[in-house]
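The model is predicted.

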Amino acid sequence: MYKRVNYCWRLAGTGIAFASFGLGGLFMTMFVFKIIAAVTPDENLRIKRVRHVIYSTFRLFVFMLRISGVINSRFYAVERLNRCRGALIVANHPSLLDTVFLMSQMPNVQCIIKHELWENKFLGGVMRAAGYIRNDGNVQGLLEQCKNSLEMGQNILIFPEGTRTVPGQKIKFQRGFANIAVYFSTPIQLVTIKCNPSTLAKGSPWYDIPSRQSLFDITFDEQLDMSDYLRHEPRSIKVRRLTDELEQYYGRKLSYE
């Protein structure tokens, strides 16, 4: 009986959280961000304030998920973010909530966003107000925006898989993150996200929740110094080697090999 009640509670809570996420994005776009824009003529300061609102909202969102019992989460070695400046924050991507968890720890992080989200009627306004980088296939434009952000000391959050992991399948990284890291000699802060049991994974509808509460363990691991990859080799080889090594690294961390 208790398990059934708990399941129904988490299912209802997941639905409420899912709806709140989309409607909250629409509310902030229509009201909060417009107020910020009206009182903040400087673009850089306006973007910083918008991102801080997103950070604070996500912290509250994660807190509410945890105290309501919908999911549980634990963060490890978050203090390593204190030494990240102009770095790539690289993480695996098991769940829809990964971005929320990570951004709840970083008040002024830059993000590379899939172009589909840019036009999303609920979240598109948030993406634009926060000045995130749109990944629309224009490689040169993307690199230029990354360069500007890194030179300003901003960290860039990126999921090298490009989409959520299919449960049980081996991680496969795209090379975009490695191109950025090698091109700009950018340090990489590695983050490992574990979710047990799996929830809100790729191809899973929001209502397909596990029979027990999911636990997210988010660990901020080592920071890679890119000097090890800047030997006298063609850039394509450096990029391929970095991609392969991080695929193997996450495979070991997540026990896929």
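Start with E247 and K172. Their side chains meet in a salt bridge, at 4.0 Å from N to O. The pair links distant parts of the chain, 75 residues apart. E247 sits in helix 8 (residues 235–253), and K172 in the loop between strand 5 (156–158) and helix 7 (176–184). E247 has a relative accessible area of 12%, under the 20% cut-off, so E247 is buried. K172 reaches 60%, over the 50% mark, and therefore counts as exposed.

The structure holds 5 salt bridges. Three of them, including the one just described, are set out here.

| E247 | K172 | 4.0 Å |

E119 lies in the loop between helix 4 (115–118) and helix 5, while R134 belongs to strand 4 (residues 133–135), so their bridge ties together parts that are 15 residues apart in sequence. E119 is exposed at 55% relative accessible area. R134 is partly exposed at 27%.

E245 counts as partly exposed at 32% relative accessibility. R241 counts as buried at 19%.

Next, the nonpolar interior. In soluble globular proteins, nonpolar side chains tend to be buried together. The largest nonpolar core here has 41 residues. Which residues have the most contacts inside it? They are I54, L102 and Y132. Among the elements that give two or more residues to this core are helix 1 (2–39), helix 2 (43–67), strand 6 (188–196) and strand 7 (214–224). Helix 2 supplies the largest share, 6 residues. Beyond its neighbours within four places in sequence, I54 is in contact with F33, M103, V126, A130 and Y132. Apart from this core lies another, of 28 residues, with I133, F173, L246 and Y250 among them.

Now the aromatic rings. The structure holds 11 aromatic pairs. One of them is F21 with F58, a stacked pair at 5.9 Å centre to centre and 10° between the planes. F21 lies in helix 1 and F58 in helix 2, so this pair ties together parts that are 37 residues apart in sequence. F21 is partly exposed, at 28% relative accessible area. F58 is buried, at 12%.

F173 and F177 pair edge-to-face, with 5.8 Å between centres and 80° between the planes. Both are buried. Together with Y249 and Y250 they form one aromatic cluster.

Is Q189 buried or exposed? This residue of strand 6 has a relative accessible area of 0%, so Q189 is buried. Leaving out residues up to four places away in sequence, Q189 touches R80, C84, L88, I89, V90, F220, D221, E222 and Q223.

Finally, the surface. F18, L96, W206 and Y207 make a nonpolar patch of about 400 Å². F18 has its place in helix 1. Its relative accessible area of 41% makes F18 partly exposed.

Definitions and conventions
Residues numbered from 1 in each chain as written. Predicted model: local features only at pLDDT ≥ 70, side-chain atom pairs only at ≥ 80, totals over all residues. Heavy atoms only, no water. Core = buried A, V, L, I, M, F, W, Y, C linked by side-chain atoms within 4.5 Å. Buried < 20%, exposed > 50% of the residue type's maximum accessible area, 1.4 Å probe, protein only. Helix = DSSP H or I, 4+ residues; strand = E, 2+ residues; numbered from the N terminus. Contact = heavy atoms within 4.5 Å. Patch = residues over 30% accessible without salt bridge, like charges linked within 9 Å, V, L, I, M, F, W, Y side chains within 5 Å. Areas by Shrake-Rupley, 256 points an atom, 1.4 Å probe, with all protein chains shown as cover. Phe/Tyr/Trp six-rings, centres within 6.5 Å; stacked < 30°, edge-to-face > 60°.
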